[in-house]
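Have a look at the model first.

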Amino acid sequence: VMITFAGQAAVALENARLFEESTQRAAELDERSKRLSLLNRFSAKLSGSLDLTYILQLTLDELCQAVPCDIVSAVLFDITGNPILQAEQPPILDAYPLILPDSPIFERLRESLGIFSSDEVINENEFDELQEFFAVRSTSGLLILPLVTGEDLLGFLIAHAHRPARFELDEVELARTISNQASV
């Protein structure tokens, strides 16, 4: 009787594990489908215009949906290399553009052309000149995505989170794809 009971318990446990795996795979596939749908929709909308304002607003809207954040900012560099805040979603200021103070993070981004993430902005020395900018937006965690064509950094997108936040790898990859499409 004990052997039979143990065998049935083992089968039940294995079935439960298989069911959990199946449910997890289904959730992952659903999430992947949502991401692909977002990217497909974004690409279709992007291809309809060359207007900078429209492209930035569309990019900010999609990025707000793609990553868990409270505000997204678009910063572009002017001809002389000054960082200019072009737009935000949701809008924080009454009027854009706004010249931002120069900061060591801008040079770092120009050199690396990479992504920067921080779960506590207040602890980052590279942001000393931007503390007021982040304070107005109640930024704690952030993700900075480059807007790059070839070797040129056109600007970047900043996803602001009001709480300390570590962005997940799949969120960063999706956000990077959105920023790459917007750059082109």
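E14, R17, E21 and R25 are tied together in a network of salt bridges, where a salt bridge is a side-chain nitrogen of Lys or Arg within 4 Å of a carboxyl oxygen of Asp or Glu. This is a predicted model, so to speak of local features pLDDT has to be at least 70, side-chain atom pairs count only at pLDDT 80 or more, and totals for chains, interfaces and linings use all residues. Residues are numbered from 1 along each chain as its sequence is written, and side-chain values use heavy atoms, with hydrogens and water left out.

By the 4 Å rule the count comes to six salt bridges. The general idea is simple: side chains of opposite charge can pair when their charged atoms come close.

| Pair | N to O distance | Where the residues sit |
|---|---|---|
| R17 and E14 | 2.5 Å | both in helix α1 (residues 2-46), three residues apart |
| R25 and E21 | 3.9 Å | helix α1, four residues apart |

Helices here (H or I, at least four residues) and strands (E, at least two) are DSSP runs, numbered from the N terminus. R17 and E14 are about one turn of the helix apart, and R25 and E21 are also separated by about one helical turn, because they lie four residues apart in α1.

How exposed are these side chains? For the labels, buried means under 20% relative accessible area, exposed over 50%, and partly exposed in between (1.4 Å probe, protein chains only). R17 counts as partly exposed at 37%, and E14 does too at 34%. R25 is partly exposed at 48%, while E21 gets that label at 32%.

Six strands form an open sheet in the order β3-β2-β1-β6-β5-β4, with antiparallel pairing. β3 and β4 are the edge strands, each pairing on one side only. Two strands pair if DSSP finds at least two bridges between them. Strand β1 (residues 71-77) runs antiparallel to β2 and is joined to it by six bridges; S73, for one, has E88 of β2 as its bridge partner.

Helix α5 (residues 169-183) has 15 residues and reaches 21 Å from its first C-alpha to its last, close to the 21 Å expected at 1.5 Å a residue. That expected span is 1.5 Å times one less than the number of residues. The buried residues of α5 are E171, V172, L174, A175, I178, S179, A182 and S183.

What is the volume of the largest pocket? It comes to about 250 Å³. Of the 15 residues that line the largest pocket, the closest to its centre are L52, I55, A182, S183 and V184. A pocket here is an open set of points on a 1 Å grid over the protein atoms alone, where a 1.4 Å probe fits, with protein on both sides within 12 Å along at least five of seven lines; lining residues have an atom within 4 Å of a point. Grid points are joined across faces, edges and corners, and the volume is the space filled by probe spheres set on the points.

α2 (52-66), β6 (152-161) and α5 each supply at least two residues of that lining, and the largest share, four residues, comes from α2. By class, the lining has 11 nonpolar, four polar and no charged residues. Ala, Val, Leu, Ile, Met, Phe, Trp, Tyr, Cys and Pro count as nonpolar, Asp, Glu, Lys and Arg as charged, and the others, Gly among them, as polar.

Last, the backbone. Most residues other than glycine have a negative phi, and most peptide bonds are trans. Against that, a cis peptide bond joins Q89 and P90, with omega about -10°, and another joins Y96 and P97, with omega about 5°. P90 is in the loop between β2 (83-89) and β3 (98-99), and P97 is found in the loop between β2 and β3.

L113 isn't a glycine, yet it has a positive phi of about 55°. L113 is in the loop between α3 (104-112) and β4 (116-118) and counts as buried at 14% relative accessibility. S138, also not a glycine, has a positive phi of about 55°. S138 sits in the loop between α4 (131-136) and β5 (141-149) and is partly exposed, with a relative accessible area of 42%.
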